[in-house]
Structure formats: C-alpha cells, structure tokens
Amino acid sequence: MNVRNRPELAWPFGRRAAAVTAEAALAVAAVAVLVFWAGLIAGSWGGGYWVFDCAAGAAVCALALARRLAPVWTAVAGLAVAAVAVLVAAWAGLPNEPGPAMALGLSVLVGSAVRTLPVRPACAVAAGGLAVAAASVPGAHNGATVTLNVAAWLAAVGVGGGLRLLAARRMSAADRVRYDERRRLARELHDVAAHHLTGIVLQAQAARLLARRGSGPLEESLEDIEDAGAGALAALRRVVGLLREAADDVPGPPGRLTDLVGGFDGPPVTLRVHGEAESWPPEVAGTVYRIVQESLTNVARHAARARAVTVEVTVEVTGRDGAVVVEVADDAPPAPPSRSRGGYGLLGMRERVEALDGTLRAGPRPEGGWTVHATLPLTGPLGRRR
C-alpha cells in the first residue's frame with residue numbers, strides 16, 4: 001500500500017506547513033544531538049574521537065531530511081552508512097556506533113519507510129534497521145548506546161506502523177464514501193432513463209400520427225427524437241461511467257429543496273431558487289439536491305455556532321450556454337485547522353459534480369463561515385432543454 005498515490009488523502013495546506021515546521025525541528029534536534037554527543041566523546045575519550053561519529057551521524061540525518069525526495073534510496077543509503085560506521089568503529093576502536101544522532105536519523109528513515117512504502121520495501125527497511133541496531137551489540141563500550149538504538153528502532157516501527165494503519169483506515173473510509181455515492185447514482189439511473197426514454201416514446205408516437213395524416217412537420221418531430229435519444233445516451237453514459245457495482249434498489253426521485261430546507265434541524269436557512277427547476281435534466285436536479293443536503297449536514301456537524309445559512313440556486317446563461325450554480329454558505333466563526341470541514345462528504349459531492357462536467361469548490365470565507373460553490377453545465381446533449 002502506497003498512500004502517496006492517493007490524491008484525495010493529501011494533506012491540506014495547513015498541515016503541509018506543519019510538516020515543514022517538523023522538518024525544521026528535526027534539523028535543529030539533529031544539530032543539538034551532534035554537538036552534545038561530540039562534547040561527551042571529547043570529554044571522555046579525548047582527542048578527535050568525536051569527528052567520525054559526528055560526520056557519520058550528520059550524513060544519516062541529512063539523508064533523513066531528504067527522505068521525501070526518494071524514500072527508498074535515502075533509507076537504503078542511511079542503512080548503508082550506518083552499517084559501514086559500525087564496522088569502522090569496531091575495527092578502529094572508536095566510540096560505539098550508531099551514536100544518538102545516527103540513531104535519530106535512522107529512526108526517521110525507518111519510520112517514514114514503514115509508513116509510506118509498499119509492504120515488501122517497508123519490511124526490508126525495517127529489517128535493515130534492526131540489523132544495524134543488533135550489529136552494535138558485540139563491540140559496545142556502553143550498554144546505554146545499545147539500548148538507545150533498540151528503543152529508537154522500536155519507536156520508529158511502532159509510530160510508522162500506527163500511522164500506516166490510520167492511513168489505511170482513512171482510505172477505506174474514502175472508498176466507502178465513493179461506493180455509497182455510486183450506489184445512490186445507480187438508484188437514480190432508473191429515473192434518468194425513464195425521463196429521457198419517455199420523451200422519445202412520446203415523440204415517436206407523435207411522428208406516427210403525423211405520418212398517417214400526411215401533414216405536419218414530420219422532419220422536426222424526427223429531429224426531436226434524435227435529440228432526445230442523444231440526450232438519453234449522454235446521460236446514461238455519464239452516470240454508468242461512475243458505477244462499479246450494481247444497485248440493489250431504485251427509489252423515487254430526490255425530494256424537493258423546500259422540504260429539505262424545511263426539515264433541517266439547525267440554524268435558520270434562507271432558500272433562493274432562480275429559474276425553473278422543472279426544466280432541468282433529472283440528473284442535474286438530483287445533484288443540486290445532494291449538494292444542498294450534504295452541505296446542510298456539514299453545517300449541522302461542524303458549524304454549531306452558525307446563526308444563519310443561505311442556499312442560493314441560480315441559472316447563469318452566456319450565449320447559448322447555461323449552467324446551474326449552487327452556493328451554500330453559513331456565518332459560523334472560523335474553526336481551528338483540526339476542525340476543518342473538508343471531510344469525506346466532499347468526496348461524494350465531487351464525484352457527482354465531475355460526472356456532469358461541473359466544478360466544485362469548498363472552503364472558508366474571508367469574512368467567516370464556510371461556502372460550498374458548485375457549477376453544473378446545462379449545455380450539450382445532456383443539458384438540452386425540451
């Protein structure tokens with residue numbers, strides 16, 4: 001499992017800044033440990049015995065700081081430097097290796113590998129780290145150094161494995177969200193097909209009547225049938241393209257927005273709908289409903305101090321192109337970064353919106369509160385109005 005290949009699990013901007021801060025803290029800690037340990041060696045061993053330990057430890061810590069650029073190769077290089085340092089120290093009678101600074105760098109490399117690499121490379125790096133820690137035992141001058149190395153390895157494997165398990169659970173939850181949204185889309189597939197195919201049947205019946213009477217715009221009726229068929233195929237293709245599993249049941253169409261807003265158990269909601277929703281394709285109307293539903297759910301969960309919510313649905317027309325624009329905004333005070341509302345519900349909404357060639361944006365407003373803004377096109381075969 002390689003969590004780096006899952007873009008939906010990428011850290012938001014605030015956590016990336018925290019990661020940069022953590023790297024800076026690691027660099028400061030490495031320098032402090034190197035200086036401290038060099039002083040101890042100089043005081044107890046005398047001479048320049050500290051130089052080799054300081055150089056080897058600095059090399060491994062530098063590889064640890066560069067691990068994000070090449071996780072596998074930095075881990076292998078760090079283990080190789082540590083193994084060579086152990087052998088050289090034993091042969092030349094130098095202070096026992098790995099020293100504290102090298103142990104710090106190795107723990108970061110091993111923990112990062114266990115957390116992010118596929119299973120086999122992660123296990124190989126973990127085994128290499130254990131081998132290096134065990135190799136320091138035979139020629140150890142100080143039992144505390146051996147204990148430090150073993151403890152650092154155990155901490156690296158424990159923390160890395162724990163974070164890996166959390167990432168796996170998060171990916172599983174994201175996959176469940178996608179699966180549930182696709183099931184909902186499958187349940188609506190019947191309504192989409194019924195809407196378009198009913199229009200085709202009606203147009204075909206009208207064409208038959210015109211053909212029998214020998215009067216009326218038969219060609220125009222046939223063009224309408226062609227347009228309706230193209231719309232049906234486009235709608236089905238977009239919905240079916242999202243599905244990987246068959247749906248169990250097919251409920252009725254989504255409820256009205258007024259009913260949804262009226263039944264909301266939270267801050268007062270102001271609903272403004274500009275345009276005739278009855279003329280929208282059913283898949284667009286259903287997506288509008290789902291966006292409002294999920295947005296109100298997020299308000300109830302994460303914006304307890306909001307005083308009002310605004311739901312505005314409008315139709316924007318530019319030339320022959322048109323789009324339904326949905327915006328849901330609340331006025332809750334800003335929340336701490338750890339309580340951000342960028343959860344799994346956005347995955348389901350984005351899945352739907354992108355299936356209709358639309359766009360979705362969600363995030364905090366400068367004046368406070370949170371906004372969900374979606375644009376759903378009404379042009380092309382899918383959105384052609386009848």
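Of the 386 residues of the protein chain, 38% are buried, a class defined by a relative accessible area under 20%, with exposed residues over 50% and partly exposed ones in between (1.4 Å probe, protein chains only). The model is a predicted one, in which local features require pLDDT of at least 70 and side-chain atom pairs count only at pLDDT 80 or more, whereas totals for chains, interfaces and linings use all residues. Residues are numbered from 1 along each chain as its sequence is written, and side-chain values use heavy atoms, with hydrogens and water left out.

The protein chain contains 11 helices and 5 strands, taken as DSSP runs (helices H or I, at least four residues; strands E, at least two) and numbered from the N terminus. Among contacts (heavy atoms within 4.5 Å) with a separation of 6 or more, 73% join residues 24 or more positions apart.

The largest nonpolar core comprises 30 residues, and Val288, Val292, Val313, Val324 and Val326 have the most contacts inside it. Such a core is a set of buried Ala, Val, Leu, Ile, Met, Phe, Trp, Tyr and Cys residues joined through side-chain atoms within 4.5 Å. Two or more residues each are given to this core by α8 (257-262), α9 (282-302), β2 (309-318), β3 (321-330), α10 (345-355) and β5 (370-377), and the largest share, 7 residues, comes from α9. Beyond its neighbours within four places in sequence, Val326 contacts Val288, Ile291, Val292, Glu312, Val313, Val372, His373 and Ala374. Another core, of 22 residues, lies apart from this one and includes Leu79, Ala85, Val108 and Ala156.

Helices α4 (residues 100-116) and α5 (residues 119-135) have axes that come within 8 Å and cross at roughly 155°; the axes are lines fitted to C-alpha atoms over the stretch in contact, with angles from 0 to 180 degrees between N-to-C directions. The two helices, α4 and α5, are therefore roughly antiparallel, a term for angles over 145 degrees.

Cys61 belongs to helix α2 (residues 50-65) and is buried, with a relative accessible area of 6%. Excluding residues up to four places away in sequence, Cys61 touches Ala30, Ala101 and Gly105. Cys61 and Leu106 are separated by 45 residues in sequence and by 7.6 Å in space, C-alpha to C-alpha.

How values were computed
Angles under 35 degrees count as roughly parallel, over 145 as roughly antiparallel, 65 to 115 as roughly perpendicular and the rest as oblique.
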